[in-house]
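Good morning, everyone. Please bring up the sequence and the model, and keep both in view while I talk.

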Amino acid sequence: MTCCTRWLRVLVVACCASVLFTACDTNRGLEITAEVDEPHFRRGMQMVRSGQNQVALEAFLKVIDKRGGDAPESHLEAGQIYLNHIKDPIAAIYHFRKYLELRPNSPQAEQVRQLIETSIREFARMLPAGPFEAPIDKIELLEKMEALKAENAALLAELARLGYKAPPGALVNTGQSPSAPARSAVDYDRAANIPMGEPVPVETAPARRTQPARVLPEPQPPTRPMRTYVVQPKDTLYSISAKVYGTNTRWREIYEANRAQIGDPNRGLKIGMVLKIP
């Protein structure tokens with residue numbers, strides 16, 4: 001009887017120890033997965049509510065870095081800031097996809113997929129002549145090009161009528177297709193003396209006397225002096241682009257011109273930093 005009692009006591013103690021260890025492991029698991037209890041996450045949510053989106057983004061990125069990327073809620077918040085406030089749809093897509101990798105079956109998964117589609121459309125809209133722009137812009141551009149060609153041809157004809165002599169062998173741009181033979185200014189001088197309705201004779205030089213055609217160099221646009229901008233408190237690349245260009249979509253030009261000085265585009269700006277504005 002005494003032996004049975006001892007074995008019973010040992011069994012009870014073992015069960016109690018197992019329960020205690022299980023509870024400890026559960027608490028440790030809760031500590032690991034409690035992302036919303038991270039101090040930086042709470043600070044980020046507070047900054048979002050107060051409208052300080054750049055500070056909030058830095059806080060969420062710290063949570064992601066600290067947890068080795070296993071921070072779905074921080075990914076989601078960072079993606080929304082990139083999409084709605086910083087206007088960087090590529091970064092937004094990255095964080096939204098990381099959220100879906102970590103929480104593919106969450107109640108918000110479908111909403112996040114819609115945010116990815118919105119980010120893709122926003123990125124396409126920012127591209128020059130993107131697929132989401134109205135085709136009328138391209139039509140207007142082509143019409144302007146045709147009008148310039150006609151104006152150029154009329155100007156050349158007027159110069160020929162006034163007796164303008166181009167250097168021998170110089171080619172004149174008539175707006176013809178690349179496959180059409182080039183005509184020299186001498187041809188236009190002869191055409192000016194022929195009555196309307198009569199064919200214009202075109203003389204060709206013997207093949208053995210032909211010389212390589214010389215093309216007039218294209219005029220170079222004047223160079224503009226480089227401007228500078230001093231970084232102010234709460235400035236971002238997007239806000240600086242909006243100030244100097246009137247739009248925040250040209251922030252990459254500022255970043256590329258100052259890449260060595262800025263480094264990380266999300267954290268590299270310092271108050272008082274002098275940036276080159278291309």
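Let's start with one serine. Ser119 is found in helix H6. Helices here are DSSP runs of H or I with at least four residues, strands are runs of E with at least two, and both are numbered from the N terminus. Is Ser119 buried or exposed? Ser119 is buried, with a relative accessible area of 0%. Buried means under 20% relative accessible area, exposed means over 50%, and partly exposed is in between, with a 1.4 Å probe and protein chains only.

A quick word on where this comes from. The model is predicted, so local features need pLDDT of at least 70 and side-chain atom pairs count only at pLDDT 80 or more, while totals for chains, interfaces and linings use all residues. Residues are numbered from 1 along each chain as its sequence is written, and side-chain values use heavy atoms, with hydrogens and water left out.

Back to Ser119. Leu83 is 36 residues away from Ser119 in sequence. In space, their C-alpha atoms are 6.6 Å apart.

Now the helix packing. Helix H4 covers residues 72–86, and helix H6 covers residues 109–126. At what angle do H4 and H6 pack? The angle is about 30°, and the axes are 11 Å apart. Axes are lines fitted to C-alpha atoms, for helices over the stretch in contact, and angles run from 0 to 180 degrees between N-to-C directions. So H4 and H6 are roughly parallel to each other. The cut-offs are under 35 degrees for roughly parallel, over 145 for roughly antiparallel, 65 to 115 for roughly perpendicular, and oblique for the rest. H4 passes H6 in a left-handed crossing. Left-handed means that the near helix is turned anticlockwise from the far one by less than a right angle; clockwise is right-handed.

H4 also packs with helix H3, residues 53–66. Here the angle is about 150°, with the axes 9 Å apart. That makes H3 roughly antiparallel to H4. The crossing of H3 and H4 is left-handed.

Next, the loop between H4 and H5. Lys87 lies there. Its phi is near 60°, a positive value in a residue other than glycine. Lys87 counts as partly exposed, at 31% relative accessibility.

Move on to helix H5, residues 89–102. Ile90 is found in it. Which residues make a nonpolar surface patch of about 230 Å²? They are Ile90, Phe123 and Leu127. Patches are made of residues with over 30% relative accessible area and no salt bridge; like charges are joined within 9 Å, and nonpolar side chains (Val, Leu, Ile, Met, Phe, Trp, Tyr) within 5 Å. The areas come from the Shrake-Rupley method with a 1.4 Å probe, and for residues only the protein chains shown count as cover. Ile90 itself is partly exposed, with a relative accessible area of 40%.

Now salt bridges. How many does a search of the whole structure find? It finds 10. A salt bridge is a side-chain nitrogen of Lys or Arg within 4 Å of a carboxyl oxygen of Asp or Glu.

Take helix H6 again. Arg125 forms a salt bridge with Glu122, and the closest N and O atoms are 2.8 Å apart. These two residues are three apart in H6, so about one helical turn separates them. Arg125 is partly exposed at 47%. Glu122 is partly exposed too, with a relative accessible area of 22%.

Glu253 is partly exposed at 36%, and Arg250 is partly exposed at 30%. Glu256 and Arg259 also meet in a salt bridge, 2.6 Å from N to O. Elsewhere, salt bridges that share partners join Glu38, Lys66 and Arg67 into one network.

Last stop: strand S3, residues 227–230. Val230 lies in this strand. Val230 counts as partly exposed, at 39% relative accessibility. Lys276 is 46 residues from Val230 along the chain, and their C-alpha atoms are separated by 9.1 Å.

One more lysine. Where is Lys234? Lys234 is in the loop between S3 and helix H9, which covers 237–245. Lys234 has a positive phi of about 70°, although it is not a glycine. Lys234 counts as exposed, at 78% relative accessibility.
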